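Here is a set of questions and answers to work through with the sequence and the structure in view. Try each question before reading its answer.

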Amino acid sequence: IVVSVPSTTPTSITGPASHCSGIGAKTLTAVGGILSPGGNYQWGSGAVSDANVLSTTTNATFNVSPTTTTTYWVRTKDAAPCNTVSAAVTFTLNVAVQSTQPSSISNATTLCSNGGITLEAIGGTVGTGSYYEWGTGNTGGNNIIAGENSATILVNPTAQTVYWVRLVDPAPCSRSTGIRTITVSVPSTTPTSITGSATHCTGSG
């Protein structure tokens with residue numbers, strides 16, 4: 001005679017603490033408990049088991065690709081003759097959203113006073129925990145201007161200068177958007193002197 005015993009509740013779910021939306025999948029694992037022959041793990045989302053059942057499988061692992069922070073649950077479920085369902089344990093996966101590239105940099109492109117001009121990054125979306133990064137030149141990541149991490153920057157160049165801006169996403173995304181650039185020109189300045197001969201003999205050319 002075969003005596004069946006019911007499966008028991010997993011003790012926990014293990015998995016990464018965070019996930020970057022749109023980049024791959026993360027694996028959750030049911031740990032502990034006992035899965036009896038003929039039993040299955042039942043995975044779902046939400047804070048309450050029975051809601052949003054996502055999978056019924058003999059696998060203790062489950063791959064997820066959420067786009068927002070999501071709570072997942074797992075429990076065991078036995079077929080006849082036990083027909084039992086265990087309690088569920090939960091796990092919350094925090095999701096970070098990626099930034100998108102600014103569409104442009106606004107303001108005048110010619111510096112007309114010594115007070116400088118303010119440049120502003122326009123468009124794009126700021127991701128989770130993300131910040132702006134400004135620099136000079138035509139290549140993102142080069143000549144970074146330290147301490148300038150907002151959408152605006154006051155610049156006061158002494159020569160024509162190309163400025164770039166991008167958004168930087170921290171972990172778990174750990175990426176940067178493409179850059180936008182703007183060229184700021186400076187006004188002409190007074191000549192410092194006139195050179196030439198100090199005297200001239202009229203009629204001699």
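Q: Which residue in β8 is the bridge partner of His19?
A: This is a predicted model. In it, strands β2 and β8 run parallel and are joined by 3 bridges. For His19, the bridge partner in β8 is Val95.

Q: In what sense do β7 and β8 pair, parallel or antiparallel?
A: Strands of a sheet pair through backbone hydrogen bonds, and the sense can be either of two. Tyr72 stands opposite Phe91 in β8. Strand β7 covers residues 70-77 and pairs with β8 over 5 bridges, in a sense that is antiparallel.

Q: Which strands stand at the edges of the open sheet of 5 strands?
A: The order of this sheet is β2-β8-β7-β4-β5, and its pairing is mixed. From one strand to the next the twist averages 25°. A strand at the edge has a single partner, so one side of it is left without a neighbour in the sheet. The strands in that position are β2 and β5.

Q: Is Ser21 buried or exposed?
A: Ser21 sits in the loop between β2 and β3. Not counting residues up to four places away in sequence, Ser21 touches Pro66, Thr67, Val95, Ala96, Val97 and Gln98. Its relative accessible area is 15%, and the cut-off for a buried residue is under 20%. Therefore Ser21 is buried.

Q: What is the relative accessible area of Ser99?
A: Ser99 lies in the loop between β8 and β9. Leaving aside neighbours within four places in sequence, its contacts include Thr125, Val126, Leu167 and Arg175. Gly127 is also in contact with Ser99, and the backbone nitrogen of Gly127 lies 2.8 Å from a polar atom of the Ser99 side chain. Ser99 is buried, with a relative accessible area of 3%.

Q: Which strands are at the edges of the open sheet of 3 strands?
A: This sheet has the order β9-β10-β12 and antiparallel pairing. The twist averages 30° from one strand to the next. Each edge strand pairs on one side only, and these strands are β9 and β12.

Q: Which residue in β12 is the bridge partner of Thr118?
A: Strand β10 spans residues 117-122 and β12 spans residues 152-155. The two run antiparallel and are joined by 4 bridges. In β12, the bridge partner of Thr118 is Leu154.

Q: Which residues have the most contacts inside the largest nonpolar core?
A: The largest nonpolar core has 14 residues. The elements giving two or more residues to this core are β10, β11, β12, β13 and β15. Apart from it lies another core of 12 residues, among them Ile13, Trp43, Phe62 and Phe91. In the largest core, the residues with the most contacts are Leu119 and Trp134.

Q: Which Trp is in contact with Leu119?
A: Neighbours within four places in sequence are left aside here. The contacts of Leu119 then include Ile105, Ala151, Ile153, Tyr163 and Ile182. The list also holds one Trp, namely Trp134.

Q: Is Asn143 buried or exposed?
A: Asn143 is found in the loop between β11 and β12. Leaving aside neighbours within four places in sequence, Asn143 is in contact with Trp134, Gly135 and Thr136. Its relative accessible area is 52%, and the cut-off for an exposed residue is over 50%. Therefore Asn143 is exposed.

Q: What backbone oxygen does the side chain of Asn143 reach at 3.1 Å?
A: Asn143 and Trp164 are 21 residues apart in sequence and 9.7 Å apart in space, C-alpha to C-alpha. Thr136 is one of the residues in contact with Asn143. At 3.1 Å, the side chain of Asn143 reaches the backbone oxygen of Thr136.

Q: What radius of gyration does the chain have?
A: The chain comes to 0 helices and 15 strands. Its C-alpha atoms fill a box of roughly 135 × 20 × 20 Å along the principal axes. A compact globule of 205 residues would have a radius of gyration near 17 Å, but the value for this chain is 32 Å.

Key. Residues numbered from 1 in each chain as written. Predicted model: local features only at pLDDT ≥ 70, side-chain atom pairs only at ≥ 80, totals over all residues. Heavy atoms only, no water. Core = buried A, V, L, I, M, F, W, Y, C linked by side-chain atoms within 4.5 Å. Buried < 20%, exposed > 50% of the residue type's maximum accessible area, 1.4 Å probe, protein only. Contact = heavy atoms within 4.5 Å. Polar contact = N/O pair within 3.5 Å; in protein donor to acceptor, adjacent residues only side chain to side chain. Pairing = 2+ DSSP bridges. Axes fitted to C-alpha atoms, helices over the stretch in contact; angles between N-to-C directions. Rg over C-alpha atoms; globule rule 2.2 N^0.38 Å.
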